[in-house]
Amino acid sequence: MRKIVFLFLSIICLLVSYGNAEVKSEQQINMDKIIKEIRKKYTEINSKFSTYDKKTLSLFGESTQGAGLTGYYKNGSLEKIEACYYGEMGRYLEEYYCNDNKFFFVYSKSFQYESSIYDSLDANKDVKIVSEREGRYYFNDEKLIKWISGKEVINSKSEKFIECENRFVKDFKKYRDIFILNDISKYDAYWEGQNPIEKSNKSKKMIDSNQTFVAQEFLLGKWVAKDGNPSMNVYTFK
């Protein structure tokens, strides 16, 4: 009798395990399908975005050296956002990929400098990048479903995975205000071609009266002073 009961319980355990495996397998198939579609859309946007209309914005108060944002539009619909945040010891680039006013993928890349940009300028040297790190974030209905940091796949149950999702969703609300609603009233920012002194008292304080304001641009990685003495807003990557 005990043998029969043991055999019966073993069969039940095997069936439950098989059922769970089937569910996991189906979930993985769905995940793979979503990620494949995301990669397809990502490739399509990047193959054509240079032909899109664009709007450029300078943003203050969220990084020590300011930030530059660009939105790319196809037939009036937002397709891609580039955001580059500048600091004294590095810079951070994010690219949001959008469809129907929602984002489905984020690519990030951070650059760490060997020394402060001011030290490099004082020594008349180029800024040296000592480390770089990439991140790839896959979203489904603005829910993070996969995060690859460098070559590491981050556990979706981890606390930092959840925090990461919340940060991107929060940041995209800002970008939605700026690039979809065209509302920058809540931010210390100005559109390309707009006089920053007219837009913001904070921006005015950042600009020395003896210097000419030059918007920062993300180019190849060399800081150079332009049209005046060095200040936080008188550099461009070159």
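This is a predicted model: local features need pLDDT of at least 70, side-chain atom pairs count only at pLDDT 80 or more; totals for chains, interfaces and linings use all residues.

Q: OK, contacts then. What is glycine 90 in contact with, leaving aside neighbours within four places in sequence?

A: Tyr85, Phe111 and Tyr113.

Q: And where does glycine 90 lie?

A: In strand 4. Strands here are DSSP runs (E, at least two residues), numbered from the N terminus.

Q: Is glycine 90 buried or exposed?

A: Buried, at 13% relative accessibility. The cut-offs are under 20% relative accessible area for buried, over 50% for exposed, and partly exposed in between, with a 1.4 Å probe and protein chains only.

Q: Switching to charges. How many salt bridges does a search of the whole structure find?

A: It finds 10. A salt bridge here is a side-chain nitrogen of Lys or Arg within 4 Å of a carboxyl oxygen of Asp or Glu.

Q: Which residue forms one with aspartate 141?

A: Lysine 102, and the closest N and O atoms are 2.8 Å apart. Aspartate 141 sits in the loop between strand 6 (129–140) and strand 7 (143–149), and lysine 102 is in strand 5 (residues 102–113), so the pair ties together parts that are 39 residues apart in sequence.

Q: How exposed are those two?

A: Aspartate 141 counts as exposed at 54% relative accessibility, whereas lysine 102 is partly exposed at 39%.

Q: What about aspartate 177, which lysine does it bridge to?

A: Lysine 186, with the closest N and O atoms 2.9 Å apart. Aspartate 177 is buried, its relative accessible area being 12%, but lysine 186 is exposed at 58%.

Q: Which residues do salt bridges with shared partners join into one network?

A: Lys80, Glu82 and Glu95.

Q: New topic: strand 1. How many bridges join it to strand 2, and do they run parallel or antiparallel?

A: Seven, and they run antiparallel; strand 1 covers residues 53–59 and strand 2 residues 67–74. Pairing means that DSSP finds at least two bridges between two strands. Lysine 55 stands opposite glycine 71 in strand 2.

Q: What about strand 1 and strand 9?

A: They also pair in the antiparallel sense, over three bridges, with strand 9 spanning residues 189–191. Leucine 57 stands opposite tryptophan 191 there.

Q: Last one, backbone angles. What is phi at asparagine 101?

A: About 65°, a positive value although asparagine 101 is not a glycine. Asparagine 101 is in the loop between strand 4 (90–99) and strand 5, and it is partly exposed at 37%.

Q: And what is phi of glutamate 142 near?

A: It is near 60°, again positive in a residue other than glycine. Glutamate 142 lies in the loop between strand 6 and strand 7 and is buried, with a relative accessible area of 15%.

Definitions and conventions:
Residues are numbered from 1 along each chain as its sequence is written. Side-chain values use heavy atoms; hydrogens and water are left out. Helices (H or I, at least four residues) and strands (E, at least two) are DSSP runs, numbered from the N terminus. Contact means heavy atoms within 4.5 Å.
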